Amino acid sequence: MKHLIVSLHDFHAGTHEAVREQIDTLTVWGVKNFSILVVPHFHHRKMLKDSAASLAYLGGRHADGDDLVIHGYYHDRVGQGGGSFFWTKLYTANEAEFLDLSDGEARHRLTRALALWEENGWRADGFIAPAWLMPEEQDMLLKRMNFTYTTRLKYWQNLRTLKVTATQSLCYSTRARWRRDASLRWNQWLFARLLKTKDVIRLSLHPRDLQFEPVKLQIRGIVETALTKGYQPITYAGYAKL
Ligand SMILES: [Zn+2]
C-alpha cells in the first residue's frame with residue numbers, strides 16, 4: 001500500500017483562516033485527512049487556549065480523523081541565546097525553538113502542550129519540532145513521554161520501535177520570489193524521484209503556500225498525480241498504527 005501524508009504547519013489563531021482555506025481546497029482535490037501542526041503559544045502572542053473558535057475548529061477536525069501534532073510551544077527562540085548563525089538566522093529566521101533546548105526545558109514545554117491537548121480531549125500522537133530541528137537525543141525524551149512518532153525533513157520515525165522511514169518531505173519556501181522559483185524546481189525534481197522510489201510521500205505545507213498561484217498549481221498537480229497513482233491519503237498518526 002502506498003500513502004500520501006499531507007501536513008499543515010503552524011496552526012494558531014493568526015493562521016486559523018488560512019489553514020482552514022487550505023483544508024477546504026485540498027479536500028476538493030481529494031485529500032480527506034491531515035496532520036495539523038499546532039503551536040500552543042505562537043511567538044508569545046495570543047495563546048491558543050484563549051481562542052475559542054480555533055479550539056472548536058481543531059476539535060471538529062480531530063473528531064473527523066485529523067491528527068493534531070504538537071509543533072513546539074512558542075515556535076521561536078525569544079529569550080534563548082546561542083545557536084549557530086546559520087541555523088538560527090539564515091536557515092530558519094529564528095524559528096528553531098527546540099534546536100538547543102535542555103532536556104528539562106524541552107520536557108517542561110512539552111508537558112504544557114500536552115496539558116492543552118488533554119484539556120481539550122485531543123490525542124497527542126506526534127511531536128514535530130519547528131523547522132524540524134531538534135537534538136538527536138530528544139527522540140528518547142519524546143519516546144519516554146509516550147509520543148508515537150516524530151519527523152525530520154528527511155525521515156519519519158516510529159518512536160515505539162525507533163524505526164526510521166527515509167522519505168524526504170516536499171516543502172516550499174515562499175518568502176521571496178527567488179525562493180518560490182527555486183522551490184518549484186526542487187519539488188518538481190523531488191516529487192518525480194519520490195514517485196519512482198518511495199511508498200510514502202510527505203507533503204508539508206505552510207499557511208501561505210497556496211496563496212501563490214504557481215505554487216498552488218504545482219501542489220494540485222502533486223496531489224492529483226499521487227492519488228491517481230494509488231497513494232492513499234493518511235495522517236502521520238494513522239501511518240504510525242499500520
Ligand atoms: Zn513551523
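User: Let's start with Leu159. Where does Leu159 sit?

Analyst: Keep in mind that this is a predicted model. To place a residue, look at which helices or strands flank it. Leu159 falls in the loop between β6 (155-158) and β7.

User: Is Leu159 buried or exposed?

Analyst: Here you read the relative accessible area, and anything under 20% counts as buried. Leu159 comes out at 0%, so it is buried.

User: What is Leu159 in contact with, leaving aside its neighbours within four places in sequence?

Analyst: Setting those neighbours aside, Leu159 touches Asp139, Leu142, Lys143, Phe147, Thr148, Tyr149 and Thr150. Leu159 and Leu210 are 51 residues apart in sequence, and their C-alpha atoms are 32 Å apart.

User: How would I read Thr165 in that way, and what is it in contact with?

Analyst: Thr165 belongs to strand β7 (residues 164-166). It is buried, because its relative accessible area is 16%. Apart from neighbours within four places in sequence, Thr165 has contacts with Lys154, Tyr155, Trp156 and Tyr239.

User: Are Asp10 and His75 buried or exposed?

Analyst: Asp10 is buried, with a relative accessible area of 11%. His75 is buried too, at 5%.

User: On to helices. How far does α7 reach from its first C-alpha to its last?

Analyst: You compare the end-to-end reach with what is expected at 1.5 Å a residue. Helix α7 (residues 213-228) has 16 residues and reaches 22 Å, close to the expected 22 Å.

User: Which residues of α7 are buried, and where do they fall around the axis?

Analyst: Val215, Gln218, Ile219, Ile222, Val223 and Ala226 are the buried ones. Looking down the axis of α7, you find them within an arc of 135 degrees, so they line one face of the helix. Against that buried side pack β1, α1 (16-28), β8 (170-171), α6 (177-197), β9 (200-205) and β10 (231-233). The face turned away from the buried side carries exposed Glu213, Leu217 and Thr228. After α7 comes Gly230, with a positive phi near 95 degrees.

User: And α1: how far apart are its end C-alpha atoms?

Analyst: They are 19 Å apart, which agrees with the 18 Å that 13 residues should span at 1.5 Å a residue. The buried residues of α1 are His16, Ala18, Val19, Gln22, Ile23 and Leu26. They cover an arc of only 165 degrees, which puts them on the same side of α1. Their cover includes β1, β2 (35-38), α2 (52-63), β9 and α7. Gly30 follows α1, and its phi is positive, near 115 degrees.

User: Last topic: how many salt bridges does a search of the whole structure find?

Analyst: It finds 11. For each one, check the closest N and O atoms, then the places of the two residues. Glu17 forms a salt bridge with Arg20, with those atoms 2.6 Å apart. The two are three residues apart in helix α1, about one helical turn. Both are partly exposed: Glu17 has a relative accessible area of 43%, and Arg20 has 27%. Glu17, Arg20 and Asp24 are also linked in a network of salt bridges.

User: How far apart are the closest N and O atoms of Asp66 and Arg61?

Analyst: In that salt bridge they are 2.7 Å apart. Asp66 is buried at 2% relative accessibility, and Arg61 is buried at 15%.

User: And which helix holds Glu224 and Arg220?

Analyst: Both lie in α7, four residues apart, about one turn of the helix. Glu224 is partly exposed at 31%, and Arg220 is partly exposed at 40%.

Note on methods: Residues are numbered from 1 along each chain as its sequence is written. This is a predicted model: local features need pLDDT of at least 70, side-chain atom pairs count only at pLDDT 80 or more; totals for chains, interfaces and linings use all residues. Side-chain values use heavy atoms; hydrogens and water are left out. Buried means under 20% relative accessible area, exposed over 50%, partly exposed in between (1.4 Å probe, protein chains only). Contact means heavy atoms within 4.5 Å. The expected span of a helix is 1.5 Å times one less than its number of residues. The arc is that of the directions from the helix axis to the C-beta atoms. A salt bridge is a side-chain nitrogen of Lys or Arg within 4 Å of a carboxyl oxygen of Asp or Glu.
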